[in-house]
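Let's take a walk through a protein model together. Have the sequence and the 3D view side by side, and look up each residue as we get to it.

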Amino acid sequence: MAKITLEDIKSLRERTGVGIHQVKAALEKADGNIENAIIYLREQGIAKAAKRSANETNNGIIGQYTHGKSLSVLVDILSETDFASNSDKFQELAKELAMHIAAKSPEYIDVESVPLEVIEAEKRVYAKELEGKPEAIKEKILVGKMAKFFEDTVLMEQTYVRDEDKKIKDLLNEYIAALGESIRVNGFVRLNLGNAPIVVTKS
């Protein structure tokens, strides 16, 4: 099998908008050939799914998951049509997302939702930790630390609780491909007995 480079992965992601795990799988399937990998993704419907994400989403449901009697999550998930939102597949996704939120407790929906002041505050903390290191090394470490911060706090960047090789944004793209419609998480509420409700909305 041909060697798959980081440049190949980056190029295919930029051209298709598909998650890194699907990109790697497509390149492996295509023996490292980018053009064949694009054809494979199109056949699978994944590339098309990623590009549908800008479409309007005016229908949807409230997904729900309860763990015992002390923890419950409601998630507002939207689709383009009620045909999709009424499907078993869509309701399955809503439940999976609610279950994941219950387990991982994200603070934001996507990176774009993280307030700039929060990002700047994190960078200042890391900058203090990296004092004295060469600038080139500091920049690389800072990028890695911010990526880890997003993985810990941002729903779309978190590792899916049922599959450590998949992020939530990859899971979402799979359902978009299966349903043929744009799907969007609009917000969620996490209720933990004795604590203030955590309410997160798309900014």
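**A walk through the model**

At 41% relative accessibility, aspartate 31 counts as partly exposed, because that label covers the range between buried, under 20%, and exposed, over 50%. Keep in mind that you're looking at a predicted model. You'll find aspartate 31 in the loop between H2 and H3. Its backbone is worth a look too: phi of aspartate 31 is near 55°, a positive value in a residue other than glycine. Why does that deserve a mention? Most residues other than glycine have a negative phi.

Serine 105 gives you another case, with a phi near 45°, again positive in a residue that isn't glycine. This serine 105 sits in the loop between H6 and helix H7 (116–129), and with 25% relative accessibility it counts as partly exposed.

Next, the nonpolar cores. The largest one has 24 residues, and Leu93 and Ile183 have the most contacts inside it. Leaving aside residues up to four places away in sequence, leucine 93 touches Ile77, Leu171, Leu172, Tyr175 and Ile183. There's also a second, separate core of eleven residues, and Ile34, Ile38 and Leu41 are among them, along with Leu12.

How do H2 and H9 meet? The axes of helix H2 (residues 20–29) and helix H9 (residues 168–179) come within 8 Å and cross at roughly 70°, so the two helices are roughly perpendicular to each other. Ile20, His21 and Gln22 of H2 make the contact with Asp170, Asn173 and Glu174 of H9. Sorted by class, that's one nonpolar, three polar and two charged residues.

Last stop: isoleucine 137, in helix H8 (residues 135–153). At 43% relative accessibility, isoleucine 137 counts as partly exposed. Its C-alpha atom is separated by 44 Å from that of histidine 67, 70 residues apart along the chain.

Technical notes. Residues numbered from 1 in each chain as written. Predicted model: local features only at pLDDT ≥ 70, side-chain atom pairs only at ≥ 80, totals over all residues. Heavy atoms only, no water. Axes fitted to C-alpha atoms, helices over the stretch in contact; angles between N-to-C directions. Helix = DSSP H or I, 4+ residues; strand = E, 2+ residues; numbered from the N terminus. Parallel < 35°, antiparallel > 145°, perpendicular 65-115°, else oblique. Contact = heavy atoms within 4.5 Å. Nonpolar A, V, L, I, M, F, W, Y, C, P; charged D, E, K, R; others polar. Buried < 20%, exposed > 50% of the residue type's maximum accessible area, 1.4 Å probe, protein only. Core = buried A, V, L, I, M, F, W, Y, C linked by side-chain atoms within 4.5 Å.
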